[in-house]
Amino acid sequence: MPAVGHMFDLKRNANGAKYMEVFLQGIAVLRMPLTNKELAFTEEERSLLRLEGLLPSAMLTIAEQAEREYQGYRRQMSDLAKYKYLRRLQQRNEVLFHFLVAGHLQEMLPVIYVPTVIDDVAPQYSGLYSELSARGIVFSSANIHRARDIVHSFPLTDVRLVVATDCSAVLWAADCGIGAIGVTIGKSAVYSAGGISPFYCCPMAIDFGTDREELRNNPGYIGMAHPRLRGEAYHQAMDRVADAIQYHWPRAVVQWEGIS
């Protein structure tokens, strides 16, 4: 059985209880969203992982942390502000993010997925990027020849679900360029709310250009600013995507979220 990730693994003790074995120490543990428990680290964990002095002394349960985050969420004044609040949490402490969303799913589902990601996030993604940070995998026409290396660099090594888009036809937004990755990030979170562990999910955008001139001519656009690949060039590039996924994650299911 392969390890779950390059930096940690999930195991069971003699009693069958699950635990995480972390291959990091110190500040690196706190910078990895899937290993960071923030104030939920016990005194023993803080000592073993060399976190003493890197956190406030308080120790909170995940439920207590979730209640604090929920109060912060409720103070946000718009759906976009709520989305950014939750994404910052996801980038900081992913387990807490999913715990919080699972406890308020009906309220938060329209924020982490549609309509917010289509109406507010995808169209403004380039401008929002500095607030949202990188997530998932982005293949492009510039890096597709290194597809296997790119998948190997992803921190999770036993991915079972890939939510992917070629950015060309995402729901009612159609071609929204690199902003389409916001949809796959949201859909991955929906799957995790439904029971698929985030330790086994990867959102993916395949950026082979855009046919929208207003995106290509925008100096702030962070995607590939050329017309979309078509025909044989497109099919060969997509074959490289499929090959890389099959090579590294042979048990993965790929759900195409908007592809023309």
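Ala, Val, Leu, Ile, Met, Phe, Trp, Tyr, Cys and Pro count here as nonpolar, Asp, Glu, Lys and Arg as charged, and the others, Gly among them, as polar. The model is predicted, so local features need pLDDT of at least 70 and side-chain atom pairs count only at pLDDT 80 or more, while totals for chains, interfaces and linings use all residues. Residues are numbered from 1 along each chain as its sequence is written, and side-chain values use heavy atoms, with hydrogens and water left out.

**Pocket and cavity**

On a 1 Å grid over the protein atoms alone, a cavity is a set of points where a 1.4 Å probe fits but cannot get out, and a pocket is an open set with protein on both sides within 12 Å along at least five of seven lines; lining residues have an atom within 4 Å of a point. Grid points are joined across faces, edges and corners, and a volume is the space filled by probe spheres set on the points. Helices (H or I, at least four residues) and strands (E, at least two) are DSSP runs, numbered from the N terminus.

| Space | Volume | Lining by class |
|---|---|---|
| Largest pocket | about 500 Å³ | 18 nonpolar, six polar, two charged |
| Largest cavity | about 50 Å³ | six nonpolar, two polar, one charged |

Of the 26 residues lining the largest pocket, Gln91, Ala134, Arg135, Gly136 and Phe154 lie nearest its centre. Helix 10 gives the largest share of this lining, five residues. The lining of the largest cavity includes Tyr83, Leu86, Ile185 and Ala189, and helix 4 supplies its largest share, four residues.

Four strands make an open sheet in the order 3-5-4-6, with parallel pairing; two strands pair if DSSP finds at least two bridges between them. Strand 3 (137-140) and strand 6 (253-256) are at the edges with a single partner strand each, so one side of each has no neighbour in the sheet. Strand 4 (residues 161-165) is joined to strand 5 by five bridges, and Thr165 stands opposite Ala205 in strand 5.

**Two packed helices**

The axes of helix 3 (residues 62-74) and helix 5 come within 9 Å and cross at roughly 70 degrees. Axes are lines fitted to C-alpha atoms, for helices over the stretch in contact, and angles run from 0 to 180 degrees between N-to-C directions. Contact means heavy atoms within 4.5 Å. On the helix 3 side, residues including Ile62, Ala66 and Tyr70 take part, meeting Val95, Leu96, Phe99 and Leu100 in helix 5.
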